[in-house]
Amino acid sequence: MADFFGRREGVAHSKKQFKSQLDRVYRWFTLGFVVYVLLLGGLERLGMPHSWIGMTFLLSTIALYAGIGIMTRTTDAAEYYVAGRRVPAIYNGMAIGADWMSAASFLGLAGTLYLTGYSGLAFIMGWTGGYCLVALVLAPYLRKFGQFTIPDFLGERYGGHLPRFMGLLAAILCSFTYLVAQIYGVGLITSYLTGIAFELGIFLGVGGILVCSFLGGMRAVTWTQVAQYIILLVAYLIPVVWLSVKQTGIPVPQAVYGFQLEKVTTKEKELATDPKELEVRALFSKRAEVLAEKMKHPELSMAADKLAATKKLAALKAGNASVAEVSAAGKALAALPKDERAALREWAIAKTADEIKSQPLNGMPAHAAQFLGNPDGTVQEKELYDTSRRNFLALVFCLMVGTSALPHILMRYYTVPSVREARQSVTWSLFFVFLLYCTAPALAVLVKYEIFTVLVGTPFDQLPAWVNEWNKVDPALLSVVDVNKDNVLQLNEMTMGGDIVVLLTPELAGLPYVVSALVAAGGLAAALSTADGLLLVIANALGHDLYYKMIDPNASTVSRVTLSKILLLIVALLAAYVAAQKPADILFLVSAAFSFAASSFFPALSMGIFWKRATGTAATLGMVSGLSVTTYYMITTQPWLRTTFGITSPIQLWWGIDPISAGLFGVPVGFAVIILVSLVTRPPSQDMQALLEYIRYPDLKAHDRSFAAPAPRQGRAISHQAGDGL
Amino acid sequence: MLPAELHRRYWRKNMVVTALLLFVWFVATFGVAYFARFLSFSFFGWPFSFWMGAQGALLIYCLIVGFYAWYMNRLDAEHDVADEDD
């Protein structure tokens with residue numbers, strides 16, 4: 001069993017044998033998985049309760065990942081850090097697909113597209129277009145350099161501990177922010193899937209992550225991620241394909257949703273002028289006005305609220321009301337805001353919500369409309385159009401550059417056998433990411449069509465059962481209220497959070513519960529695989545770069561790997577602890593990680609490869625300044641960070657750019673600082689320039705050694721590869 | 001030809017193809033997005049710029065990356081710098 005994933009006990013396979021063995025393993029795995037899902041589906045028909053199916057799915061997938069982890073355990077450094085550098089391009093592509101597809105993009109992307117229409121495409125373009133930068137600018141050269149981590153490259157290329165240390169800090173900063181978001185996602189999914197407590201779900205999930213990455217490092221993570229990719233692809237595609245068949249009769253949603261989009265656009269125009277919708281919208285704007293009135297005299301309004309609630313409770317108690325009604329009124333009384341500040345905050349939130357719901361289409365822009373506002377309209381509309389377009393472009397830029405600089409992705413290109421395979425591997429990664437990302441916009445449109453044409457207009461007593469079930473789970477995710485009391489659902493009477501769009505799809509398509517559980521298991525796979533990759537970046541940065549390279553270069557291989565494992569454990573528990581505090585604004589954390597990565601790594605890495613003159617001092621200062629500008633902009637403009645740091649000055653946006661795209665300012669500053677400082681500092685040594693020559697060519701043949709004199713530094717890089725056994 | 005000259009040529013060709021592909025990438029992404037509202041003619045049922053954002057740009061990215069891998073692998077062999085794995 002143990003040599004499924006490569007050589008053990010001295011049994012070495014040729015590359016071809018290894019690949020064909022992997023093909024066989026994963027073919028059987030996929031088949032087995034499909035049979036398993038069908039089996040559970042059969043058991044559901046025989047009457048197995050939903051919570052059992054959810055629990056079985058959760059435990060069996062985690063056990064599977066842990067099993068792969070145990071089978072691939074290792075203490076060998078090259079195996080632990082870079083999976084022995086023998087992962088075939090196509091499998092590395094799949095692993096990157098899973099590494100890349102985080103909980104946020106598996107669960108949230110289609111939801112964002114559903115809610116924002118064209119604007120949401122910024123995520124699709126940004127998160128795929130970044131791979132062009134990876135392929136053309138970074139991956140082949142990093143692979144040729146061929147060590148273990150990204151700070152490794154910075155340390156060797158720029159010389160000295162300072163650039164390495166900055167890279168290490170930046171890697172930890174962006175990976176940790178991202179990791180907390182993933183673990184939070186794990187908690188959400190496990191608690192949805194099984195009904196266990198959020199905190200318990202987090203620790204169960206972290207257990208699964210740990211067994212895998214703790215024992216086998218990159219080697220275990222790679223083979224688990226391939227399995228996870230297969231699960232999440234199957235889980236993402238089944239409900240969409242089904243929905244597509246249901247609506248159009250054609251099982252290729254990506255090809256046919258253009259026609260559904262046309263229908264959605266027609267329906268949107270209808271809904272915007274529908275008298276019943278107008279009625280509901282008027283009611284909401286009245287509510288907002290009432291709240292605005294209340295906010296003018298908070299003290300009086302609070303007293304009035306309290307009096308009304310007390311009176312209601314008394315009246316219910318006096319008249320023969322049911323126990324449930326009385327306790328609900330009691331709870332409402334107890335839940336009234338305690339002081340003026342709390343009251344004002346609560347009302348402000350409610351007022352914003354009501355204002356959104358008084359707009360056409362529940363505050364959603366028309367799905368196919370490019371940007372808000374109107375370039376030919378009034379001055380205000382024109383400005384809105386310009387700002388919205390500028391923000392779209394800025395977000396695409398940040399996500400692209402961030403994608404290309406995230407260490408957990410770049411690190412994966414160290415695991416392929418050669419530069420040649422590194423290039424092919426980027427192609428495969430992008431292809432596997434593409435499969436998922438070109439489906440997300442289709443999913444959003446099909447769900448929108450279903451909700452606009454089937455659900456809206458349904459009498460309240462005939463709504464499908466899942467509407468009420470979700471209402472019970474969390475009203476912020478899905479709730480319906482008959483505001484105008486006509487017993488028919490209007491679009492604006494429904495509140496829906498973006499995060500449940502994907503989880504809802506199986507139910508919208510009328511599929512059995514086992515598919516819902518499958519989708520949740522897919523989301524779990526997405527969250528766990530990304531968390532695995534991120535955890536490894538942090539542990540390796542500390543264990544390899546900080547301890548081995550900077551503190552004790554004489555440490556033995558075993559002690560290095562052991563230390564990395566211990567650190568992994570500590571970081572995982574720390575991240576789980578932070579995630580259990582439920583930090584606000586998860587989506588912001590994710591995008592912040594992209595801006596951090598973009599502004600710290602991209603200028604230093606790309607200049608390091610393409611400009612021989614770039615010096616170490618310049619790179620360090622470039623990373624510091626890029627990161628500082630990004631952080632400064634975020635802290636001064638993002639509401640959540642502003643409250644955390646207690647900033648009260650008015651928000652000053654630069655050119656109207658939202659804090660989510662803060663990296664837009666950090667990246668050019670990073671480049672400018674590197675160029676300017678390089679020109680005034682001493683040029684890099686001969687050694688360093690020779691190293692650059694070395695990484696630019698996949699292989700300089702022996703007869704040409706004079707061209708790139710093998711400096712001691714290179715010698716080490718080469719012996720590393722050879723010594724650790726390719 | 002001297003090997004050094006051969007390698008310099010290899011690097012120049014690499015730079016040219018990288019720059020060209022980055023230009024295509026830039027136009028397909030930022031060019032199309034900037035003029036999105038003017039490019040909203042119907043394209044197989046989709047508004048063109050919507051289709052580009054949802055599928056077209058992604059396809060172009062795949063082609064860029066795939067072409068680069070193919071071109072560079074050939075260039076490696078031609079200039080005698082191809083690396084062999086195992």
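Within chain B, confidence is lowest on average in strand β1 (residues 42–43), with a mean pLDDT of 80, and highest in helix α2 (residues 48–78), with 89. Here pLDDT is the predictor's confidence in each residue, from 0 to 100, and helices (H or I, at least four residues) and strands (E, at least two) are DSSP runs numbered from the N terminus. This is a predicted model, where local features need pLDDT of at least 70, side-chain atom pairs count only at pLDDT 80 or more, and totals for chains, interfaces and linings use all residues. Residues are numbered from 1 along each chain as its sequence is written, chains are lettered from A and ligands numbered from 1 in the order in which they are written, and side-chain values use heavy atoms, with hydrogens and water left out.

**Confidence**
- Chain B as a whole has a mean pLDDT of 85, and 93% of its residues reach 70 or more.
- The model scores are ipTM 0.92 and pTM 0.86.

**Salt bridges**
- Over all chains there are 17 salt bridges, meaning a side-chain nitrogen of Lys or Arg within 4 Å of a carboxyl oxygen of Asp or Glu.
- A:Asp152 pairs with A:Lys549, with the closest N and O atoms 4.0 Å apart. A:Asp152 sits in helix α7 (residues 150–158) of chain A and A:Lys549 in helix α21 (residues 513–551) of chain A, so this pair ties together parts 397 residues apart in sequence.
- A:Asp152 is buried at 0% relative accessibility, and A:Lys549 is buried at 12%; buried means under 20% relative accessible area, exposed over 50%, and partly exposed in between (1.4 Å probe, protein chains only).
- A:Asp152 and A:Lys549 also belong to a salt-bridge network with A:Glu156, A:Arg164 and A:Asp545.
- A:Lys612 and A:Glu693 meet in another salt bridge, at 2.5 Å from N to O. A:Lys612 is partly exposed at 25%, while A:Glu693 is buried at 11%.
- A:Lys19 bridges to A:Asp23 at 3.6 Å; the two are four residues apart in helix α1 (residues 15–45) of chain A, so about one helical turn separates them.

**A buried lysine without a partner**
- A:Lys448, in helix α18 (residues 440–455) of chain A, is buried yet has no salt bridge.
- The nearest side chain of opposite charge is A:Glu268, 4.0 Å away (Lys and Arg count as positive, Asp and Glu as negative; His and the chain ends are not counted).
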